[in-house]
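Please consider the following briefing on the packing of a helix and its neighbouring strands.

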Amino acid sequence: MDLSVVVPAYNEAESLPELAEWVDRVCNGAAIDYELIIIDDGSSDGTWDAVRQLSADNPRLKGIRFRRNY
C-alpha cells in the first residue's frame, strides 16, 4: 500500500461517487496502490448508503460510520 486517503463526509451523498472516481483515476494513472477511507460523520442524507454502494463496487474503498456528527 502506497497511499491511504481519508475523507470525512457530512451530507455528501451526491459528491462521493465523483470523488471516488477521481481518486481511482489519479492513483491508477500514477500506478499508486491506494485505499480510500470515507468517514460518514453522522450524515442524514444517505451518505452511508453511498459509501456502502461505492465500497461494493470498489474493494479499495472502505467506510466508517459515526452515529452523530463529531
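Predicted model: local features only at pLDDT ≥ 70, side-chain atom pairs only at ≥ 80, totals over all residues.

Residues are numbered from 1 along each chain as its sequence is written, and side-chain values use heavy atoms, with hydrogens and water left out.

**Helix α1**
- Leu 16, Ala 20, Val 23 and Cys 27 of α1 are buried (under 20% relative accessible area; exposed is over 50% and partly exposed in between, with a 1.4 Å probe and protein chains only).
- Seen down the axis of α1, the buried residues fall within an arc of 65 degrees (taken from the directions from the helix axis to the C-beta atoms), so they line one face of the helix.
- Exposed residues Glu 18 and Gly 29 lie on the face of α1 turned away from its buried side.
- The buried residues of α1 pack against β1 (3-9), β2, α2 and β3 (contact means heavy atoms within 4.5 Å).

**Strand pairing**
- Strands β2 (residues 34-41) and β3 (residues 61-66) pair in the parallel sense over six bridges (pairing requires at least two DSSP bridges between the strands).

**Nonpolar core**
- The largest nonpolar core has 15 residues (buried Ala, Val, Leu, Ile, Met, Phe, Trp, Tyr and Cys joined through side-chain atoms within 4.5 Å).
- Elements giving two or more residues to this core are β1, α1, β2 and α2.

Notes
Helix = DSSP H or I, 4+ residues; strand = E, 2+ residues; numbered from the N terminus.
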